Amino acid sequence: PTHRLAGRILTPDAEAYRAAADLLQAGEVVAFPTETVYGLGADATNDRAVARIFETKGRPSFNPLIVHFETLEAAAREVEINPWAEALAEAFWPGPLTLVLPRKADSRISLLCSAGLPSLAVRVPRHEIGQNLLHAVQRPLAAPSANASGRISPTSAIHVAASLGERVPLILDGGACEVGLESTVIDLSGPRPVILRPGGITRAQLEAVLGTVDEATADSDIKSPGMMTSHYAPSLPIRLGATSVNANEALLAFGPKPLEGAAVTVNLSASGDLTEAAASLFNHLHRLDREKLAGIAVMPVPEQGLGIAINDRLARAAAPRH
Ligand code: TXA
Ligand code: MG
């Protein structure tokens with residue numbers, strides 16, 4: 001019966017939260033905004049509900065999922081909180097940071113969320129709609145980005161509808177995401193903290209709390225299988241580090257002096273502001289990807305602060321497709 005509601009987009013009020021909670025408690029998926037990107041949520045304690053996420057995204061099932069909680073205390077029921085986790089949660093939760101921690105032996109979270117690993121990725125998002133939804137449903141929510149597998153992450157309800165519309169019964173609309181890049185994923189389950197995925201919290205911010213932090217190299221990608229090289233692919237080919245542009249290309253510009261001669265130009269940030277660039281990155285890629293052109297040329301973005309996460313996503317978008 002739920003397919004009658006397929007792709008329904010609601011600006012949440014009390015009734016919409018109730019509808020979303022009912023769907024989730026019945027094992028359905030619901031898309032909702034967080035401050036990073038839109039998530040495709042399901043009851044993390046229900047194996048069949050979690051399996052529906054993979055089915056809906058068409059995602060390879062060896063990818064582990066992030067589980068979202070209303071509070072640190074709720075997360076602590078499922079994973080071992082160590083002193084690093086405590087310090088980072090204190091500094092950055094609720095917010096765009098995901099902690100990979102050892103699962104507790106009596107955790108109720110579906111083993112599918114861990115994809116065979118002894119760890120679980122946990123996050124407390126700060127977006128009001130994500131928080132309200134977690135509160136309404138009273139269960140932890142497994143939620144990857146709400147896009148079809150291998151495509152660009154959604155930063156608006158329209159992106160979700162375009163990518164998954166018919167397959168999702170309900171999309172909660174919170175407008176554009178504030179951060180616009182996925183959360184930073186840091187593994188705290190080993191002998192030293194390791195950044196598995198750069199994201200909304202920068203390495204410098206993490207190091208201000210923990211001291212020196214390592215960044216995962218190509219060999220450690222197995223530990224974060226969602227980081228497959230071509231994970232963020234638009235359909236048009238991407239050309240990075242452009243210093244000139246062709247008339248049949250779209251231009252993704254950065255800074256006050258966009259290159260001239262492109263068929264279409266959008267600027268990540270005319271003032272060179274990396275926070276603004278991160279927030280608009282996926283939105284601009286979605287927009288340019290609809291053009292009938294030879295490709296998207298991308299101007300260089302400085303490799304510092306949030307620029308590291310932006311360049312990581314751009315490199316994946318430009319990588320050879322599988
Ligand atoms: O901002 C975000 O993180 C969004 C919002 C919805 O929260 N979610 C998101 O989920 O980006 P997803 O599934 O697209 O990416 C999850 C990342 C992947 O790189 C995955 O490999 C990693 O987290 N991950 C999840 N569980 C893990 C674990 N136990 N060990 C190592 N990496 C893990
Ligand atoms: Mg994703």
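At what angle do helix α1 and α5 pack, and how far apart are their axes? I read an angle of about 60° between α1 (residues 14-25) and α5, with the axes 9 Å apart. α1 is therefore oblique to α5.

Before going on, I noted the ground rules. This is a predicted model, in which local features need pLDDT of at least 70, side-chain atom pairs count only at pLDDT 80 or more, and totals for chains, interfaces and linings use all residues. Residues are numbered from 1 along each chain as its sequence is written, while chains are lettered from A and ligands numbered from 1 in the order in which they are written.

I also wrote down the terms. Helices (H or I, at least four residues) and strands (E, at least two) are DSSP runs, numbered from the N terminus. Axes are lines fitted to C-alpha atoms, for helices over the stretch in contact, and angles run from 0 to 180 degrees between N-to-C directions. Angles under 35 degrees count as roughly parallel, over 145 as roughly antiparallel, 65 to 115 as roughly perpendicular and the rest as oblique.

**Helix pairs**

I looked up the residues between α1 and α5. Y17, R18, A20, A21, L24 and Q25 of α1 meet N132, L133, A136 and V137 of α5; contact means C-beta atoms, placed from the backbone, within 7 Å. By class, I have seven nonpolar, two polar and one charged. Here Ala, Val, Leu, Ile, Met, Phe, Trp, Tyr, Cys and Pro are nonpolar, Asp, Glu, Lys and Arg charged, and the others, Gly among them, polar.

Next I took α8 (residues 274-288) and α9 (residues 306-318). Their axes come within 9 Å and cross at roughly 20°. That makes α8 roughly parallel to α9. From α8 the contact uses L274, T275, A277, A278, L281 and L285; from α9 it uses L306, G307, A309, I310, R313 and A317. I sorted these into nine nonpolar, two polar and one charged.

**Helix α6**

Is α6 enclosed or open? Six of the eight residues of α6 (residues 157-164) are buried, so α6 is largely enclosed by the rest of the structure. Buried means 20 or more other C-beta atoms within 10 Å of the residue's own, exposed 12 or fewer, partly exposed in between, with C-beta atoms placed from the backbone. The buried ones are A157, H159, V160, A161, S163 and L164. Their cover includes β1 (8-10), β2 (30-33), β3 (38-43), α2 (47-57), β8 (170-172) and α8.

**Loops**

I checked P94, in the loop between α4 (83-92) and β5 (97-102). A cis peptide bond joins W93 and P94, with omega about -5°.

Q138 counts as exposed because it has 11 C-beta neighbours inside 10 Å.

S235 is in the loop between β11 (214-215) and β12 (238-239). I count S235 as exposed, with 9 other C-beta atoms within 10 Å.

**Domains**

The assignment, automatic or from a database, gives domain 1 (2-183) and domain 2 (238-318). Their C-alpha centres lie 28 Å apart. I found 11 residues of domain 1 in contact with 11 residues of domain 2. The domain 1 side has five nonpolar, five polar and one charged residues.

Notes:
Two residues are in contact if their C-beta atoms, placed from the backbone, lie within 7 Å.
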